[in-house]
Amino acid sequence: MEVIFGVIYHFIGGFASGSFYIPYKKVKGWAWESFWIVGGIFSWFIVPPLAAWLTIPGFADIIKNTGIEVLGWTYLMGLLWGIGGLTYGLGVRYLGVSLGSTIILGLCAVFGSLVPSVYYNFFPKAGKDTFMMMLTSHWGQLVLLGIVICVIGIIICGKAGTMKEKDLAKNKEAASENKDYRFGLGIFVAIVSGILSACFNFGLEAGKPMAEAANHVWVATHQGQGNFLFRNNVTYVVVLWGGLTTNFIWCMILNARNKTFGDYTNAKTPLLKNYLFSALAGVTWFLQFFFYGMGESKLGNGASSWILHMAFIILVANIWGLVLKEWKGVSKKAFSTVIAGIVVIIISVLVVGYGNAIK
């Protein structure tokens, strides 16, 4: 049952992440940097401490009593992840919700799931899975197989992207509906985003002492045992404030360069709706972390938890891509190729889930 609930929580988090960009499409008359940072203030600055306050007694004291080294590494990983999150938005803009999310999160899944186990291979820690443990155990081999299958799915979806680009070049009507689509620039941004977005998982590892402190408080006050569902909410505060720092600086630079500071008060745009939709996008984005933390408390923060979460996001984002008709005007071959890629990624989720279940 622990595994089942863990998978369910990861699916809910994946649905939130795969859906967060949809409200941004309802924002009218604002530049990308304007609605991105408004949403970001909610997802990285306002909601994380609110969620921690609601779920973890004395969360501020836990942060205050944490060593400077732990806080520094957690915040640094948040800064790097923030660059990944920033370029995620650009990747989705240039490649579309489905293709952009698939490539970025697929790369993020691979790096985020493997690097911690490699790290613990060189710096062992009790209770942490090492890469050698995975290589020499049946469950670990299945998880690694699932990761390989996920990579194959990413490659297939990438092939579909190149086919889409060629089809749009021939179809002017479809190209006009996909006016921001730029495969070359999008792929470069997606690679940068996919690698740096994995730093979020590293941030959770760096901030683990805070989560363990929250878990200790829960066990002591409830006279219980096991893992506290919301223990990661205190770690999120530090990681996400690091992400906010990166995104805020870059968006302010873009506001100044593009002279778009007036967006926030431009009465010619539907200001109330723009703020509401941006806030909705930001809150939805944070929900992915909220439910990831719940899933991680059931499955552990190893390769299984990370790749399940990423794969569910990829699945949901591609479904939204189909709903939003991002593949309208492309050939049946290109459409069939992206569907095949989605199916392969779903198979990878099942393989990883089974490997974790028999651990």
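Helix α8 (residues 172-177) has the lowest mean pLDDT among the elements of the chain, 53. Helix α12 (residues 233-258) has the highest, 94. Here pLDDT is the predictor's confidence in each residue, from 0 to 100, and helices are DSSP runs of H or I, at least four residues, numbered from the N terminus. Over the chain, the mean pLDDT is 82, and 87% of residues reach 70 or more. Where pLDDT is low, the predicted coordinates should not be read in detail.

Two conventions apply. Residues are numbered from 1 along each chain, and side-chain values use heavy atoms, without hydrogens and water. In this predicted model, local features need pLDDT of at least 70, and side-chain atom pairs count only at 80 or more, while totals for chains, interfaces and linings use all residues.

Now look for charge. The structure holds 1 salt bridge, meaning a side-chain nitrogen of Lys or Arg within 4 Å of a carboxyl oxygen of Asp or Glu. Aspartate 61 pairs with lysine 64, and their closest N and O atoms are 3.8 Å apart. Both lie in helix α3 (residues 59-64), 3 residues apart, about one turn of the helix.

Elsewhere, Lys159, Lys166, Lys170 and Lys333 gather in a positive surface patch. Patch residues have over 30% relative accessible area and no salt bridge; like charges are joined within 9 Å, nonpolar side chains within 5 Å. Helix α7 (residues 138-170) gives the largest share of the positive patch, 3 residues. Lysine 333 lies in helix α15 (residues 332-357).

Terms used
Accessible areas come from the Shrake-Rupley method with a 1.4 Å probe; for residues, only the protein chains shown count as cover. Lys and Arg count as positive and Asp and Glu as negative; His and the chain ends are not counted. The place of a charge is taken as NZ of Lys, CZ of Arg, CG of Asp or CD of Glu. Helices (H or I, at least four residues) and strands (E, at least two) are DSSP runs, numbered from the N terminus.
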